[in-house]
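Visitor: Can you walk me through this protein model? Keep it quick, please.

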Amino acid sequence: MINFNTFSAIWQTPDLRKKILFTLAVLAIFRIAAHIPVPGVDFVALRNLFEKNQLLGLLDLFSGGTLFNFSIVALGLNPYINASIVMQLLSFVFKPLENLQKEGEYGRQKINQYTRYLSIPMAFASSIGMLALLQRGDTKVLGSTTPLETIAIVLSMVAGVTFLMWLGELISESGIGNGISILIFAGIVGRIPVSLGQTFQVFDPANFLNLALFVVMALAVVAGVVFINESHRRIIVQYARRVRGGRVYGGGATHLPIRINQAGVIPIIFAVSIIILPGVVATYFTGAKTIWLANLAKQTASLFNNNNFYSALYFFLVVAFTFFYTSVVFNPNKVAEELRKYGGFIPGIRPGKYTADYLAFILNRITLVGGIFLGAVAVLPFLVRSATDITTLAVGGTGILIVVSVVIETIKQLQSQLIMRSYEGLIER
């Protein structure tokens, strides 16, 4: 990790200091845009809706805190994140995209361009759906609008998504870290002072022990997230020696790292996308004239508002999608074939099918641990709130997972750039 001397060295490096200041300037612009509201929104009703609907809270998390204010960038980066997941999955099943992914920097830029194109129709669909949700009679968040006003609001929200994608690209190209991740990180961290203020406003000295328990659990969760994110299983790989023209090639040993949390936060995003649909669809049919349909819709909506059922289903979906996504991004048969092609083998395991079976055996058990961890992190806020009765703060959940992951990756990038510049200085001497 970065200590004071390392931070001082980073700050004294002109180009790194420039990158950091540029990133902070872009983040300031992002936070200003996050507080420019869409006209006609009843913010009291909006706050009440967020308190009653946990799913909107999750969507607000991935938007970087912009949905809570229903600002001009209310959709945040949700359409871009969904488009990125779609493109990533397509690259494993669509041959032209898979070939494009292998073309290095050019292929990466092309896929990023296609992802941005796909984000626009997704942003239109998301803005129309969000507008319809807020215009429902029981929410009273946004009153009836004329067709021209509706078009203006939808276009503003789509333009907000495009604006945030542009800011993210600026950070990635001229700043520090991954721009999209940094913006989401800034949105989550920006909500912390508001949550702390709300907590101290309603704080009862009699609940001091609950608050102390909350702080201890929060520190334990952060430590657990760091430990799991950095943990991996190292599988030793030995390369056979090859003799060509009197020279010996290969013969070295390395390791194949398999991370416990290979999927990151993507299974949680998948789970949110699935679990939000039944409840949202059911609310549209609660006022249906057909009695059985209205009753079914009310029962479905009530079921998905039940914290116990919601938490159990959420946990199961996260674990299931962890296995699904890991199986997509890590193919044991493909890895075994690549090892065989380049003369590599795992000591004690025959190449080919036996190596693939061995990798699958290890991967399934590691993925189970990672899936249970992600599921526990996802439902932990509900459990902690029940145990401590503190509803204005959340410990665990996707927020901490994102924040910790972004901090670790950004620190690693800063350290690598500092080391690279140190080597450049030695070469110049």
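Guide: Here is a short tour of a few helices and residues. This is a predicted model, where local features need pLDDT of at least 70, side-chain atom pairs count only at pLDDT 80 or more, and totals for chains, interfaces and linings use all residues. Residues are numbered from 1 along each chain as its sequence is written, and side-chain values use heavy atoms, with hydrogens and water left out.

Visitor: Where does Thr-23 sit?

Guide: Thr-23 belongs to helix H2, residues 14–33. Helices here are DSSP runs (H or I, at least four residues), numbered from the N terminus.

Visitor: Buried or exposed, that Thr-23?

Guide: Thr-23 is buried, because its relative accessibility is 8%. Buried means under 20% relative accessible area, exposed over 50%, and partly exposed in between (1.4 Å probe, protein chains only).

Visitor: And which residues is Thr-23 in contact with?

Guide: Beyond its neighbours within four places in sequence, Thr-23 is in contact with Ile-171, Gly-175, Ile-176 and Ile-182. Contact means heavy atoms within 4.5 Å.

Visitor: New topic. What about Ile-372?

Guide: Ile-372 lies in helix H16, residues 353–388. Its relative accessibility is 43%, so Ile-372 counts as partly exposed.

Visitor: How far apart are Ile-372 and Val-319?

Guide: In sequence, 53 residues; in space, 6.1 Å, C-alpha to C-alpha. Setting aside neighbours within four places in sequence, Ile-372 is in contact with Phe-315 and Val-319.

Visitor: Last one. Which residues of H11 are buried?

Guide: Leu-211, Phe-214, Val-221, Val-225, Ile-228 and Asn-229 are buried in H11.

Terms used. Helices (H or I, at least four residues) and strands (E, at least two) are DSSP runs, numbered from the N terminus.
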